[in-house]
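These notebook entries record what I looked up, one topic at a time. I begin with the strands and then turn to the helices, the cores and a charged pair.

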Amino acid sequence: MFGGTKDEDEGLPGPVVLSLVLLGAMFGMAAPAAGGWWPAPAALLALAVQAVHCLPWTTRLRGAWTLAAQLLLAPWSGVPGFAAASVLLLVRRPVRWALFALVVAGAAALAGDGGYRAANGASNALAQGLTVYALTRLFHLYAELHAARDQLAAAQVASERQRAAQELHAAIGVPLAAILRLAADGDATAVAATARRAAAGVRATPEPPYPAPAPDGPMPALVLPILVAVHLGYLAVGIAYLTDLALTPLQLTSALGALTLVTGLQVHHSLPRPPGIHPPGYLWTWAIQCALAVAVLFGPDGPHPQLLAFAAASALVLLPPAAGWPAFGAAVLAAGTVSGTAAVDVVTIALVYYGLTLLTTLVHRVREARRALAELAVARERRRIARDVHDLLGSGLTAIAVTAELALREPDADHLPQAAALAELRAIPADHTELDLTRELASAQALLTAAGITLQLTGTPDTTPTAARPLLAAALREGITNLLRHSRATHCTLTLTPTGLRLTNNHPHPGPHPPGNGTPNLTTRATTHHATFTTSPDAPNHWTLAVTLST
């Protein structure tokens, strides 16, 4: 859904599900126009008002006047469930539930005096009101979660930076502080040993595995109680319908048992679950639903469409679309053999349950996508921090060790380290850790001079493009560090041009050297800048490091 692919069982988008449920409710319950089957104008107007109350991009159009219009339309539209849903969506708690109960009671009074008619009117208003309310809330939550996915990733990255700062201080900050104290005391031997140990730790420590970000919390609390209430409402209507029929005790008991079993199985099928997770034994339980629904077709006084509707809803919820929709169509046709009203009832009830289950699945999917995005952002940030730790601190600590060892050979020279490495440590967890090419060049010249290595420089930092200087500074630091660690160089050349940097030294140590992260890290940095980083032998007994910028 987020990467350009579409899962087989992802189903329909949220707005389509809402639209289908609203249309199904209107055609299933609305009063027909005079002399026809098309819904009356009041029903069409009620549908338009409900769309204003449900869709997220119509917020400015809704208000007290649209709620009043929906309540006034309820007696004439034949869809009091729209008024019930509008009350839940627009009225504040706890008044909303009292008004909702009044609308449901009014729907029972409008439906007629008979027990079944009153129960059916109340149940339809209850089920449609709760379902449209839940679908609207779920769709809005889905939209909010999808829109906020980048904020979650940013929050996880900020948390990772804070954690990294604490770990870096414990693992590297303490040795750096010790190095500065030892340098202040003039203890070059201890400085060299401490810096070598810290550099080895920086270069050898692998990237730790990252934990999954904390989940967003459980599925919204409204889903489960609404599912239970809707099922109980339909169960009550079915019981009222069956008790109104002139059935023998055995027939009534059998019919009530079948109704209760099918309703219970529908609860089993409709409970919120993560995407791709089916209820245990769902093929068998759906088969039982279908068998009971078909058996009722041959019962006394024709079928009650609820059982077929549950079987159709379960087909959409449990089966892949290629099988679910044909099964749904077969259930509608089976009900249509009895009456057109029964077929419409099957469509309406099935879409209600399918809509709830589908939007619950969509919310799960967007939460999983947010977690995956946050995990990816954290992983990228960890790689960046690890790369900076290696490139900045690993090379810097090696340089400190070299200068300390030089100080042992030349006690009168000022080779002991300053506080620059500690400042770089503090900067690593920040957004961008960039080196200054001018400062790196000055440090390289001082290190090479102290080590007795002649530097031939062509060009200046100002010769290079401003945007590329942090990359060139990192490459220069890595090159000088490797030169000091892996060569017996007496001479090197450094060329800075508008197209990049080239560093060549003589007398490289014969390999192989233990593999490190310097070359992969600089390759990654160079790729980010659309540049090329290479290292290779050059001429007899020479080694070259080069960064070539794109033109």
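**Entry 1: strands.** I looked up the pairing of β2 and β3 and found that they run antiparallel, joined by six bridges. I counted two strands as paired if DSSP finds at least two bridges between them. Helices (H or I, at least four residues) and strands (E, at least two) are DSSP runs, numbered from the N terminus. The model is a predicted one, in which local features need pLDDT of at least 70 and side-chain atom pairs count only at pLDDT 80 or more, while totals for chains, interfaces and linings use all residues. Residues are numbered from 1 along each chain as its sequence is written, and side-chain values use heavy atoms, with hydrogens and water left out.

Between β2 and β3 I found two residues, and the two strands form a hairpin. Threonine 495 stands opposite arginine 502 in β3. I then followed β3 to its pairing with strand β5 (residues 542–549): seven bridges join the two, and they run antiparallel. Here glycine 500 stands opposite threonine 548 in β5.

How many residues of strand β3 are buried? I noted six of the seven in β3 (residues 500–506). Buried means under 20% relative accessible area, exposed over 50%, and partly exposed in between (1.4 Å probe, protein chains only).

**Entry 2: a parallel pair.** Strands β1 (residues 454–458) and β2 (residues 491–497) run parallel and are joined by five bridges. Threonine 454 has histidine 491 in β2 as its bridge partner. I recorded that β1, α17 and β2 make a left-handed β-α-β unit. A crossover is right-handed if, with the strands pointing away from the viewer, the path from the first strand over the helix to the second runs clockwise.

**Entry 3: a salt bridge.** I searched the whole structure and found one salt bridge (a side-chain nitrogen of Lys or Arg within 4 Å of a carboxyl oxygen of Asp or Glu). Glutamate 440 and arginine 477 form it through their side chains, at 2.7 Å from N to O. The pair links distant parts of the chain, 37 residues apart: glutamate 440 is in helix α16 (residues 437–450) and arginine 477 in helix α17 (residues 469–486). Both glutamate 440 and arginine 477 are buried.

**Entry 4: helix α13.** Which residues of α13 are buried? I listed Gly324, Phe328, Ala331, Val332 and Ala335. Seen down the axis of α13, they fall within an arc of 100°, so they line one face of the helix; the arc is that of the directions from the helix axis to the C-beta atoms. On the other side of α13, Ala322 and Leu333 are exposed.

**Entry 5: the cores.** A nonpolar core is a set of buried Ala, Val, Leu, Ile, Met, Phe, Trp, Tyr and Cys residues joined through side-chain atoms within 4.5 Å. In the largest, of 77 residues, I noted that Phe82, Phe100, Val230, Tyr234, Val346 and Tyr353 touch the most other members. A second, separate core has 30 residues, including Leu435, Leu441, Leu472 and Cys492.

**Entry 6: alanine 350.** I located alanine 350 in helix α14 (residues 340–409). Its relative accessible area is 0%.
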